[in-house]
Amino acid sequence: MADDARLDAFKERLLPALLRAMGDRFTPGGRRPQTLLFVPSYFDFVRVRNLLKAEDVPFTAISEYTEPPDVARARGALSKGEVEGLLLYTERAHFFHRRLLRGSARLAFYGLPQYEHFYPELLQMLAGSSAANGGGAGSGAATGECVALFCRFDWQPLRRLVGDERAASMVKSTDATSFLFQ
């Protein structure tokens with residue numbers, strides 16, 4: 001049931017927002033902002049992939065089953081700003097290969113990662129982050145955007161990311177639909 005609710009929330013809220021954000025905006029270098037969509041499980045990956053096909057949304061995918069030449073092609077397209085639509089990326093692909101995917105200006109989590117250290121690793125890949133550009137602390141503000149979809153059943157991964165107290169208030173909150181962290 002939670003899987004269906006997550007897919008519905010993605011379809012009704014997150015996907016339209018990502019498509020609007022992709023729009024026709026270009027970065028100062030003349031490139032279209034790229035969006036990386038992190039999907040924690042292969043089963044969710046298949047559901048999201050099928051939804052994107054049904055909705056006729058262009059995307060490229062990297063999973064644990066993607067052949068190395070296809071991965072290289074997708075990574076090259078992302079770094080050059082040539083990815084049409086979204087780049088789907090599974091947690092298992094990141095777990096086994098830890099590929100550095102540079103060029104994304106936006107990161108969306110379909111679900112929270114099971115391993116808390118994946119969250120900062122993926123955030124560091126955002127274009128404009130000081131770590132992605134080789135700079136250290138204080139070398140400039142990050143200009144990337146990140147959004148995460150979660151529900152009350154994501155208590156464990158959420159508490160590993162934000163702590164017990166904050167996770168409890170986020171999960172119990174019925175009024176707030178978004179939370180801002182800076």
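This briefing covers a strand-helix-strand unit, the surroundings of one glutamate, and the cysteines. The model is predicted, and its β2, α3 and β3 make a right-handed β-α-β unit. Glutamate 64 lies in the loop between β2 and α3, and a search of the whole structure finds 0 disulfides.

**The β-α-β unit**

- Strand β2 spans residues 59-62 and helix α3 spans residues 68-80, while strand β3 is formed by residues 86-90.
- The pairing of β2 with β3 runs in the parallel sense and extends over 4 bridges, and within this part of the structure phenylalanine 59 stands opposite leucine 86 of β3.

- The side chain of glutamate 64 is joined to that of threonine 90 by a polar contact of 2.8 Å, and to the side chain of arginine 92 by a polar contact of 3.4 Å.
- When neighbours within four places in sequence are left aside, glutamate 64 is in contact with Tyr42, Thr90, Arg92 and Ala93, and Thr90 belongs to the residue range 86-90 of β3.

**Cysteines**

- Cysteine 146 has a relative accessible area of 34% and is therefore partly exposed, a class that lies between the limits of 20% and 50%.
- Cysteine 151, with a relative accessible area of 25%, is partly exposed as well.
- A disulfide is a covalent bond between the sulfur atoms of two cysteines, and the search of the whole structure finds 0 of them.

Key: Residues are numbered from 1 along each chain as its sequence is written. This is a predicted model: local features need pLDDT of at least 70, side-chain atom pairs count only at pLDDT 80 or more; totals for chains, interfaces and linings use all residues. Side-chain values use heavy atoms; hydrogens and water are left out. A disulfide is a pair of cysteine sulfur atoms within 2.5 Å. Buried means under 20% relative accessible area, exposed over 50%, partly exposed in between (1.4 Å probe, protein chains only). Helices (H or I, at least four residues) and strands (E, at least two) are DSSP runs, numbered from the N terminus. A polar contact is a pair of N or O atoms within 3.5 Å; within protein, one must be able to donate a hydrogen and the other to accept it, and residues adjacent in sequence count only if both atoms are side-chain atoms. Contact means heavy atoms within 4.5 Å. Two strands pair if DSSP finds at least two bridges between them. A crossover is right-handed if, with the strands pointing away from the viewer, the path from the first strand over the helix to the second runs clockwise.
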